[in-house]
Amino acid sequence: MIKAILVFNNHGKPRLSKFYQYFNEDMQQQIIKETFQLVSKRDDNVCNFLEGGSLIGGSDYKLIYRHYATLYFVFCVDSSESELGILDLIQVFVETLDKCFENVCELDLIFHVDKVHYILNELVMGGMVLETNMSEILTRIEEQNKLEKLEAGITAAPARAVSAVKNMNLSQQIKDIKLPDLPQAIKDLKF
């Protein structure tokens, strides 16, 4: 089972953190810091698996990570997970992000955090791997984008109606209405 998914930059700033086991916020920050210290010290030519830190379960858990450009993608898993399977999952996650954001970068993770979490939730839910087929994930993301566009159209309808009324220039049309001379109109009325 996956215990946590962490993404941080080369300076240890968290860009995404998803914990599948409860930790209070202070503990989460300490785990991120400890994980960064463990992972960032490692040379690029060593394997991408190491024993979990003391805060996240020690030797019962493994940290499996990949370093892409300025970002570390770290999955903390228990012994029931395959290291190579998790490495593949990290690759699928990064490639999916890359397809969705067209050359994903750190700023995409900062400014589109809701979309990144949606993508992550298509892969992993509750610490269990749901989907590893990137084309299936991309199909779900495209469906979500269509729903968002449709919803944006529906919610924008009142604003479009107000805009249309403003464009009609009703105040000028009211001024242009020719009313009959009221005193003459009253005289012409026959009771």
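Trainee: Why is F111 called exposed?

Mentor: In this predicted model, F111 has a relative accessible area of 62%. The word exposed applies over 50%, so F111 is called exposed.

Trainee: What makes E106 buried?

Mentor: The relative accessibility of E106 is 16%. Buried means under 20%, and therefore E106 counts as buried.

Trainee: How do you know that E106 and R15 form a salt bridge?

Mentor: Their side chains meet at 2.7 Å, N to O. The cut-off for a salt bridge is 4 Å, so the pair qualifies. The two residues belong to distant parts of the chain: E106 is in helix α3 and R15 is in strand β2 (residues 14–19), 91 residues apart.

Trainee: Why is R15 called partly exposed?

Mentor: R15 has 23% relative accessibility. Partly exposed covers what lies between the 20% limit for buried and the 50% limit for exposed, so R15 receives that label.

Trainee: How many salt bridges does a search of the whole structure find?

Mentor: The search finds four. One of them joins E83 with K62, where the closest N and O atoms are 3.0 Å apart. E83 lies in helix α2 and K62 in strand β4, so this pair ties together parts that are 21 residues apart in sequence.

Trainee: What are the labels of E83 and K62 on the scale of accessibility?

Mentor: E83 counts as partly exposed at 27% relative accessibility. K62 counts as buried, because its value of 16% is under 20%.

Trainee: Let us turn to the aromatic rings. How many aromatic pairs are found, and what makes the pair of F19 and F23 edge-to-face?

Mentor: A search of the whole structure finds six aromatic pairs. For F19 and F23, the centres are 5.7 Å apart and the angle between the planes is 70 degrees.

Trainee: Why is the pair of F73 and F93 called edge-to-face?

Mentor: The ring centres of F73 and F93 are 5.9 Å apart and the planes stand at 85 degrees. An angle over 60 degrees is required, so the pair is edge-to-face. F73 is in strand β5 (residues 71–78) and F93 is in helix α2 (residues 83–101), which places them 20 residues apart in distant parts of the chain. F73 and F93 are both buried.

Trainee: Which residues do ring pairs link into a cluster?

Mentor: The cluster consists of F8, F36 and Y72.

Trainee: How do you know that the charged end of K3 sits over the ring of Y61?

Mentor: The charged end of K3 is 3.9 Å from the centre of the Y61 ring, and the distance limit is 6 Å. K115 likewise lies over the face of F101, at 5.6 Å from the ring centre.

Trainee: Where do A69 and E102 lie, and why is each called exposed?

Mentor: A69 is in the loop between β4 (61–68) and β5, while E102 is in the loop between α2 and α3. A69 has 71% relative accessibility and E102 has 68%. The limit is over 50%, so both count as exposed.

Technical notes:
Residues are numbered from 1 along each chain as its sequence is written. This is a predicted model: local features need pLDDT of at least 70, side-chain atom pairs count only at pLDDT 80 or more; totals for chains, interfaces and linings use all residues. Side-chain values use heavy atoms; hydrogens and water are left out. Rings of Phe, Tyr and Trp (its six-membered ring) pair if their centres lie within 6.5 Å; planes under 30 degrees apart count as stacked, over 60 as edge-to-face and the rest as tilted. Helices (H or I, at least four residues) and strands (E, at least two) are DSSP runs, numbered from the N terminus. Buried means under 20% relative accessible area, exposed over 50%, partly exposed in between (1.4 Å probe, protein chains only). A charge sits over a ring if NZ of Lys or CZ of Arg is within 6 Å of the ring centre and within 35 degrees of the ring normal.
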